[in-house]
Amino acid sequence: MSDLAAKMRAIVGDANVITDDFAAYANDWRKKYFGKPLLVVKPGTAAEVAAVVKLCAETKTSIVPQAGNTGLVGGGVPDESGTEVIISVARMNKVLEVDTINNTMTVEAGCILQTLQETAAEHDRLFPLSLAAEGSCRIGGNISTNAGGVQVLRYGNTRELVMGLQVVLPSGELWDGLRGLRKDNTGYDLKHLFIGAEGTLGIITAAVLKLFPAPRATQTAFIALESPQKALDLLSHMKGALGDRLTAFELISAFGLSLVTKYFPQLKSPLPGDYPWFVLTDIADSRDAAALTEEVEVALGVALEREIILDCAIAKNETEGKRMWELRENMTESQVHEGRSIKHDVSIPISKIAEFISAADAALEAAYPGVRIITFGHVGDGNLHYNIAHPLATHTEPNWVKEWEKVNLIVHDTTAKFNGSISAEHGIGQLKREEIKRYKAPLELAVMRQIKVALDPQNIMNPGKVI
Ligand SMILES: Cc1cc2nc3c(=O)[nH]c(=O)nc-3n(C[C@H](O)[C@H](O)[C@H](O)COP(=O)(O)OP(=O)(O)OC[C@H]3O[C@@H](n4cnc5c(N)ncnc54)[C@H](O)[C@@H]3O)c2cc1C
């Protein structure tokens with residue numbers, strides 16, 4: 001056993017230092033990155049995290065913070081050098097306080113997202129962050145990636161849900177910013193540095209999260225449309241009719257849906273006809289369900305009359321609504337079964353989404369005739385997952401992956417033309433670290449580097465990620 005492992009064991013206990021079986025920690029969910037850590041250390045408290053980081057700082061040992069390891073850009077995966085220590089916050093999974101008057105919840109960084117949603121519900125509150133990985137991702141990872149998900153439209157990204165943070169800095173010092181204040185103008189708001197930093201500036205150990213009144217009724221609808229432009233017209237129409245009660249608005253292409261029903265045959269489209277595009281939407285209200293359903297029916301009826309939509313299915317109960325959402329939640333996984341595609345997570349001004357899809361589709365078809373495009377995502381937030389599968393006539397899966405750089409250039413240059421971002425919610429990690437240099441202003445990158453050096457002069461905190 002190495003000297004470092006022995007010292008780590010003295011801090012966190014023998015059972016919480018892993019020196020050999022790294023399978024659950026060293027690779028990412030998509031199986032794109034295969035790292036080789038020196039050790040995996042699993043502290044149980046913030047004080048233990050601080051002691052472990054201090055030891056790493058003293059020995060100039062690189063650290064990779066990890067939570068649920070569901071990230072999609074390789075941010076939580078170590079390199080292959082065998083010298084990096086993964087610090088997993090998974091054992092730190094306690095809800096420390098629920099304050100129903102302040103409408104806040106103070107939680108440790110290793111809490112599973114779904115557990116936090118359930119805890120809020122037990123107190124008749126809503127914690128609105130929701131994404132398909134919610135059964136395994138952990139709040140420390142959600143905060144560090146500034147995760148988005150399906151309710152950003154109404155409640156915002158994770159950044160908007162975090163009121164306070166506790167963070168271990170790369171020096172091993174513990175910053176306690178666990179404040180549940182709605183107003184606090186006392187200089188730089190440090191928590192925002194760590195939100196979305198992907199573990200490059202420190203390790204988040206706990207957070208104060210914002211809670212909302214629990215909705216009394218939620219109505220889900222699955223809608224068929226002619227085009228992405230019609231989806232934008234529908235978004236505008238529904239916002240006008242239902243205001244901020246619109247909580248989710250997801251676009252799904254027919255090809256994307258066909259992959260879900262192919263690989264999950266127990267799931268059926270609520271609209272089995274031959275339609276090119278679909279929208280899955282949720283509308284939530286604090287009033288009773290019957291009144292909400294009536295309003296949704298009227299709004300969609302008007303949309304049908306005005307030929308904004310082609311058809312729609314309104315869920316008759318919660319179970320039907322859940323079945324509709326299972327189609328959306330299995331989109332990412334169904335693509336894994338179809339074979340590797342070249343994936344994008346772009347952000348575009350909402351009003352330009354349809355134009356972006358036309359421009360990017362045309363550019364890809366010109367370069368790769370017969371290319372298969374899986375377009376879906378949080379269109380209500382201007383966020384598309386735009387994944388490119390190989391053209392069947394000319395490519396196989398292995399030689400398609402070699403086109404990665406060329407395809408990215410087409411999609412991301414088109415994104416830049418529309419003043420968009422090449423990472424809407426998944427982050428940069430190692431996947432887009434080089435590419436970001438093409439799209440971010442040199443001054444912006446220089447300021448990011450200055451912040452990194454100021455907090456982490458030894459460059460031990462998740463080196464090789466983001467910048
Ligand atoms: C099926 C599926 C669907 C998904 N859908 C969405 C979606 O809709 N929206 C979305 O935004 N993302 C989505 N994701 C991506 C992923 O779930 C999110 O990025 C999630 O927030 C990551 O949380 P995690 O706990 O798994 O973090 P990890 O993967 O463990 O880590 C992610 C990053 O955060 C850092 N980190 C982890 N914990 C800490 C900590 N305590 N302190 C500092 N840094 C830390 C890591 O070093 C890494 O850079 C999806 C992933 C999957 C597999």
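## Aromatic pairs

Rings of Phe, Tyr and Trp (its six-membered ring) count as a pair if their centres lie within 6.5 Å. In this predicted model, ring pairs link F222, Y275 and F278 into a cluster. The structure holds seven aromatic pairs. Y368 and W400 are both buried.

## A lysine over two rings

Now have a look at K32. This lysine lies over the face of Y33, at 5.8 Å from the ring centre. K32 also lies over the face of W404, at 4.8 Å from the ring centre.

## The seven-stranded sheet

Next comes an open sheet of seven strands, with antiparallel pairing and the order β15-β12-β14-β13-β17-β18-β16. The edges are taken by β15 (311-314) and β16 (345-347); each has a single partner strand, so one side of each is left without a neighbour in the sheet. On average, neighbouring strands here are turned by 20° against each other, direction ignored.

Within this sheet, β17 (residues 372-377) and β18 (residues 383-389) pair in the antiparallel sense over five bridges.

Helix α11 (residues 318-329) lies across β12 (217-225), β13 (246-253), β14 (277-285), β15, β17 and β18, and runs at about 50° to β12. Helix α12 (residues 331-338) lies across β13, β17 and β18, running at about 165° to β17.

Let us finish with β6 (residues 104-108), a strand that is mostly covered, five of its five residues being buried. In a regular strand the side chains alternate between the two faces of the sheet. Both faces of β6 are covered, with T104, T106 and E108 buried on one side and M105 and V107 buried on the other.

β6 pairs with β5 (residues 95-99) in the antiparallel sense over four bridges, and V95 stands opposite V107. Four residues lie between the strands of this hairpin, where N103 takes a positive phi near 55°. β6 also pairs with β10 (residues 203-210), again in the antiparallel sense, over five bridges. There, E108 stands opposite A206 in β10.

Methods. Residues are numbered from 1 along each chain as its sequence is written. This is a predicted model: local features need pLDDT of at least 70, side-chain atom pairs count only at pLDDT 80 or more; totals for chains, interfaces and linings use all residues. Side-chain values use heavy atoms; hydrogens and water are left out. Two strands pair if DSSP finds at least two bridges between them. Helices (H or I, at least four residues) and strands (E, at least two) are DSSP runs, numbered from the N terminus. Axes are lines fitted to C-alpha atoms, for helices over the stretch in contact, and angles run from 0 to 180 degrees between N-to-C directions. Contact means heavy atoms within 4.5 Å. Rings of Phe, Tyr and Trp (its six-membered ring) pair if their centres lie within 6.5 Å; planes under 30 degrees apart count as stacked, over 60 as edge-to-face and the rest as tilted. Buried means under 20% relative accessible area, exposed over 50%, partly exposed in between (1.4 Å probe, protein chains only). A charge sits over a ring if NZ of Lys or CZ of Arg is within 6 Å of the ring centre and within 35 degrees of the ring normal.
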